[in-house]
Structure formats: structure tokens, C-alpha cells
Protein chains: 2
Amino acid sequence: MIKYAKESRFIQAVDCIVFGFDGETLKILLIQRGFEPEKGKWSLMGGFVKAGEDFDQASNRILKQLTGLDGMYLEQLNTFSHPQRDPMERTISTAYFALIDINKYKIQLSDDYHPEWFSLKRMPKLIFDHQQMVELALRRIRYKAALHPILFELLPNRFTIPQLQNLYESVYNTTIDKRNFSKRVLATGLLIKQEEKDKSGSKRGAYYYHLNMQKYYAKFQAFLNFIPNPTNLIF
Amino acid sequence: MIKYAKESRFIQAVDCIVFGFDGETLKILLIQRGFEPEKGKWSLMGGFVKAGEDFDQASNRILKQLTGLDGMYLEQLNTFSHPQRDPMERTISTAYFALIDINKYKIQLSDDYHPEWFSLKRMPKLIFDHQQMVELALRRIRYKAALHPILFELLPNRFTIPQLQNLYESVYNTTIDKRNFSKRVLATGLLIKQEEKDKSGSKRGAYYYHLNMQKYYAKFQAFLNFIPNPTNLIF
DNA sequence: TATTTAAGTGTTCTTTTTACAATTATAAAA
DNA sequence: TTTTATAATTGTAAAAAGAACACTTAAATA
């Protein structure tokens with residue numbers, strides 16, 4: 001059923017920037033491209049959109065296929081349309097970003113396509129315009145996380161306040177006073193203190209917290225302000 | 001030169017949501033679609049992407065062609081990919097939004113395609129998923145204008161503080177105390193007071209201001225916070 | 001000259017943000 | 001058993017920002 005007969009048609013891809021956190025630093029998941037051009041080079045998780053699926057479906061399918069990952073936070077970022085961005089043939093790419101807890105998915109990852117986690121600072125060169133996509137995604141999550149509690153998507157079910165602070169410091173590449181930080185996060189009412197402690201990081205141990213999911217969903221759309229002095233961030 | 005031989009190919013459109021301000025309320029520009037399906041129905045300014053152009057070029061070209069408008073603020077919003085969004089043939093659409101001063105472009109608009117301005121509250125039904133696009137665009141500019149001075153793109157070169165306040169109140173569908181509002185906007189240092197007054201709106205007249213363009217560009221990336229009580233907005 | 005209308009402007013109180021350091025729990029070492 | 005080392009936890013005071021609130025002024029028109 002082709003009706004707009006005279007119009008050009010394009011190959012449509014999706015590329016996914018997967019951010020992960022292991023309790024220490026923010027990491028990004030990369031894969032070695034399995035076909036030409038640039039076969040074997042490091043790349044984002046990408047693939048072509050099929051005839052019957054929308055892009056959300058496509059990005060979920062491709063992530064599942066390449067990494068085994070399923071059901072994580074996934075959001076459309078931007079569409080990249082430079083005519084020569086893929087030297088083989090013009091390909092439009094819509095980028096998505098995902099946020100996951102690295103440890104939660106550790107087992108699933110040991111798969112056919114062996115994707116690997118890279119610290120943002122020690123990342124290999126990427127193919128095409130993928131580097132640009134990563135930079136835009138990083139800016140987007142910084143922007144969004146300054147207002148919404150999305151970074152909890154990167155944490156396990158139970159986490160400690162020092163871990164949470166590590167995460168924020170890692171995302172914003174800054175340091176935050178821990179007294180003020182814990183005051184702020186506790187003031188949101190999003191955290192429920194547990195009795196158990198995490199003793200892996202210190203002798204004393206740090207209390208675990210759960211997210212109050214009801215408040216989390218309720219507050220997600222509210223404007224928050226987690227980051228002190230966003231103007232003075234060390235970018 | 002077709003190399004990814006087995007992949008599906010799609011028609012790619014861009015649709016532009018053009019917001020305008022006339023000193024009173026926020027308006028949106030619509031056009032009657034010139035071809036089937038839905039010929040004659042109200043629609044966003046849209047068109048198909050051509051083989052050699054990227055989407056920014058396409059959206060500029062289409063806006064120029066349908067409205068005569070050129071060189072305005074234009075930003076990519078989101079890509080809409082539902083397989084049945086266009087009943088004629090599957091068409092991917094990337095939405096852009098534009099911000100302009102209505103009066104500045106008044107003359108150019110009286111053209112072949114006679115686009116018309118509609119107040120957001122008295123808007124006709126739109127074709128396809130264009131209504132969704134408008135809603136997303138509105139959310140985006142509210143979001144963005146709470147942090148960045150983008151709304152100045154909707155104002156003429158010189159404007160008064162009451163006009164500026166009208167604009168903010170119109171975008172956020174709220175009311176703001178005028179003492180606090182003028183304190184805030186003047187505190188940004190973005191405004192330069194002129195000697196002349198605008199006497200069209202009152203007997204006393206209101207002083208004109210210019211944007212300090214240097215500070216405007218410098219502060220654009222900084223986080224601002226113009227809107228009091230963003231949590232309590234009347235959406 | 002009086003009236004009308006919107007523009008312009010200051011202060012106080014409250015809330016939020018920031019700066020800053022001592023104490024505590026616990027494991028490991030002595 | 002005691003000491004030591006390490007990270008977790010907690011409070012206060014000062015500064016800045018935000019919110020509430022009403023009168024005076026300029027200028028056209030009656």
C-alpha cells in the first residue's frame with residue numbers, strides 16, 4: 001500500500017545509550033558492531049526499525065536482542081538526520097537513552113554480543129555520530145535529573161545515602177556536602193529507612209533505604225531541585 | 001546506492017508547531033492541509049523530507065514555503081512513529097516547535113496557503129496526532145521557559161515589562177504578582193531600559209526595554225527560575 | 001481641574017540554601 | 001582486651017531567595 005508515491009523513503013534506525021551505575025561511578029554500555037561498515041568498532045546498541053513496529057518497540061527489541069536487557073527506563077532523546085551520518089546509505093537514527101542498575105543485569109549481560117561497560121572517562125572512540133549522541137544524552141540526564149528523581153532508576157531496590165550521593169556526584173562531576181545532601185534527599189520524603197545496613201563499604205555500615213514508590217510516581221512530574229548551585233557545576 | 005538491501009524504508013515528514021505572541025495571549029499557527037488524506041482539515045505546518053536534506057533544513061524549508069516565515073527560533077521536539085498515524089501510508093514524523101513574534105511576521109503571512117493564528121483555547125481539531133504534538137510542545141516550552149529565557153523569542157525587539165508578564169502568564173496559564181515579577185526579571189540583568197514608552201496600552205505608558213543580547217546568550221545555558229511556585233501551576 | 005487607568009515601586013516575613021565540624025559505630029589491628 | 005582507623009551520621013547559624021502585600025504616580029480624557 002504505497003500512496004505517497006513520489007516521496008523519498010529512508011532507512012530508519014534506533015540507537016540506545018545505556019547508562020549504568022554500580023555504586024561507584026556512572027558507566028555506559030557499548031558493543032562491537034556486528035556488520036559492515038565499521039564492523040568490529042565500538043558502537044551504541046543500534047538496529048533498524050521494522051515495518052510494523054514503532055520506535056519504542058524497536059528500541060526495546062534491539063536492546064533485548066543485543067544485551068538481554070528488558071524493562072528498563074527508556075526515553076527518546078533526539079533524531080539524527082545528517083544525510084552522510086552513515087557512509088553506507090543514508091540512515092535516519094532516533095536515539096534513546098536507558099538507565100539501569102548494573103548489578104541487577106550482570107548475569108543477563110554475558111551473552112552472544114558481549115557488550116561491555118565503560119567508564120565515561122575511559123571510553124573508546126565510537127562510530128558515526130554516536131559520540132555526539134552520548135554527549136547529548138549526558139546533557140539530557142543532567143538536565144532532567146536536576147528536576148526529577150530519575151537517577152533512582154540507576155539504583156538497586158535498596159541503596160544507601162552515600163551511594164545515592166556518589167551517583168549524583170558522578171552524574172554531575174561535582175562534589176556535594178554530605179550534610180546538606182542527606183538533608184535534601186530525606187526532606188523529599190521519597191526514602192524509607194530500613195533496619196539493615198550495608199557493611200560492604202565501611203566498618204560502621206550505612207543504612208539501606210527503599211524508594212517510596214507512591215511518592216516517587218507522584219513527585220516525578222513535580223519540579224524538584226536537587227543540585228545545589230547548578231550554575232557552578234564542573235562540566 | 002542502496003546497500004542495506006533488506007531493510008524497510010519509510011516516508012519521513014516534519015511537522016512544525018509555531019507559537020506566536022501578540023502582546024496579549026499565546027497563539028498557534030495552523031494551516032488547512034492541501035492534499036489527501038484529510039485535505040482541507042486544520043493541521044500543523046508539515047511536509048516530507050527530501051533525499052539530500054537533514055531535518056533542520058527540511059523544517060526550515062517547509063515553514064518558509066507554507067508561511068513565508070524564515071529565521072525564527074526552531075527546535076526539534078520529538079519523533080512520532082506510530083505505524084498507523086497516517087492512514088494513507090506509514091509516515092514517520094519529527095515534530096519541531098518554533099517561537100515568533102506575531103507582529104513581526106504579519107505581512108509575510110498573507111500568502112498562498114493562508115495560515116491562521118488560533119488562541120490555544122479556541123483551536124480546531126487537528127489531523128492525525130497533531131493534537132498530541134501540540135500538547136507535548138506546550139509542555140516542552142513550559143518546562144524549558146522555567147529554566148531558560150526562551151520566551152524572549154516571542155517578543156519584538158522592544159517590549160514592556162507588562163507585556164513580558166502577560167507572556168509568562170499566558171504560557172503558564174497563571175497569574176503572577178507584578179511587583180515580584182518585575183523584581184525578578186530586572187534582577188537577571190537581561191533587560192535594558194529605553195527612554196521611550198509604549199502608550200498603546202495605558203495613559204501613563206510603559207517603558208520599553210531591550211534584551212541585552214550578550215547576557216542573553218551567556219545566560220541561556222544557565223539554569224534560571226522565573227516561575228514562582230511551579231508546582232502549583234494551573235495546568 | 002477632576003477623573004480614570006494602568007505603571008511603577010519597597011518592606012517584612014517566611015522559607016530555602018549554604019557553610020561548616022564533631023561524634024559514633026564497627027572492623028581490624030595491636 | 002584495647003587501640004586504631006574509617007566512613008556514617010547528625011545540627012546550627014547565617015545568608016539568600018521567595019512570597020505576600022498596597023500605595024503613589026504619570027498622563028490622557030472628560
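How much area is buried between chain B and chain A? About 3800 Å², of which carbon and sulfur atoms give 59%. Buried area here is the accessible area (1.4 Å probe) that two parts lose on being put together, summed over both.

This is a predicted model, in which local features need pLDDT of at least 70, side-chain atom pairs count only at pLDDT 80 or more, and totals for chains, interfaces and linings use all residues. Residues are numbered from 1 along each chain as its sequence is written, chains are lettered from A and ligands numbered from 1 in the order in which they are written, and side-chain values use heavy atoms, with hydrogens and water left out.

Start with the interface of the two chains. Contact means heavy atoms within 4.5 Å. On that rule, 45 residues of chain B touch 45 residues of chain A. Two salt bridges cross the interface of chain B and chain A. A salt bridge is a side-chain nitrogen of Lys or Arg within 4 Å of a carboxyl oxygen of Asp or Glu. A:Glu89 and B:Arg9 form a salt bridge through their side chains, at 2.8 Å from N to O. The interface of chain B and chain A also holds 22 residue pairs in polar contact, both residues at pLDDT 80 or more. Four elements of chain B each supply at least two residues of the side that touches chain A: strand 1 (9-21), strand 5 (73-80), strand 6 (91-101) and helix 3 (130-145). Strand 1 of chain B gives the most to that side, with four residues. Helices (H or I, at least four residues) and strands (E, at least two) are DSSP runs, numbered from the N terminus. A polar contact is a pair of N or O atoms within 3.5 Å; within protein, one must be able to donate a hydrogen and the other to accept it, and residues adjacent in sequence count only if both atoms are side-chain atoms.

The contact takes eleven residues from domain 1 of chain A and ten residues from domain 2 of chain A. Between them, about 860 Å² is buried, and carbon and sulfur atoms give 59% of it. In domain 1 of chain A, A:Phe21, A:Arg142 and A:Ala145 lose the most area to domain 2 of chain A, together 51% of what that side buries. Helix 3 (residues 130-145) of chain A gives the most to that side of domain 1, with four residues. What links the domains of chain A? The rule finds four residue pairs in polar contact across their interface, both residues at pLDDT 80 or more. The count of salt bridges between domain 1 and domain 2 of chain A is zero.

Helix 4 (residues 161-172) of chain A comes next. Its twelve residues reach 17 Å from first C-alpha to last, close to the 16 Å expected at 1.5 Å a residue. The expected span is 1.5 Å times one less than the number of residues. Nine of the twelve residues of helix 4 of chain A are buried, so the helix is largely enclosed by the rest of the structure. Buried means under 20% relative accessible area, exposed over 50%, and partly exposed in between (1.4 Å probe, protein chains only). The buried residues of helix 4 include A:Ile161, A:Leu164, A:Glu169 and A:Tyr172. A:Asn173 follows helix 4 of chain A, with a positive phi near 50°.

One joins the side chains of A:Glu75 and A:Arg140, at 3.8 Å from N to O. This pair links distant parts of the chain, 65 residues apart: A:Glu75 is in strand 5 (residues 73-80) of chain A and A:Arg140 in helix 3 of chain A. A:Glu75 is buried at 15% relative accessibility, whereas A:Arg140 is partly exposed at 21%.

In chain B, the side chains of B:Asp15 and B:Arg85 meet in a salt bridge at 3.8 Å, N to O. B:Asp15 lies in strand 1 of chain B and B:Arg85 in the loop between strand 5 and strand 6 of chain B, so the pair ties together parts 70 residues apart in sequence. B:Asp15 is buried at 6% relative accessible area, and B:Arg85 is buried at 7%. In chain A, a network of salt bridges links A:Asp15, A:Arg85 and A:Asp129.
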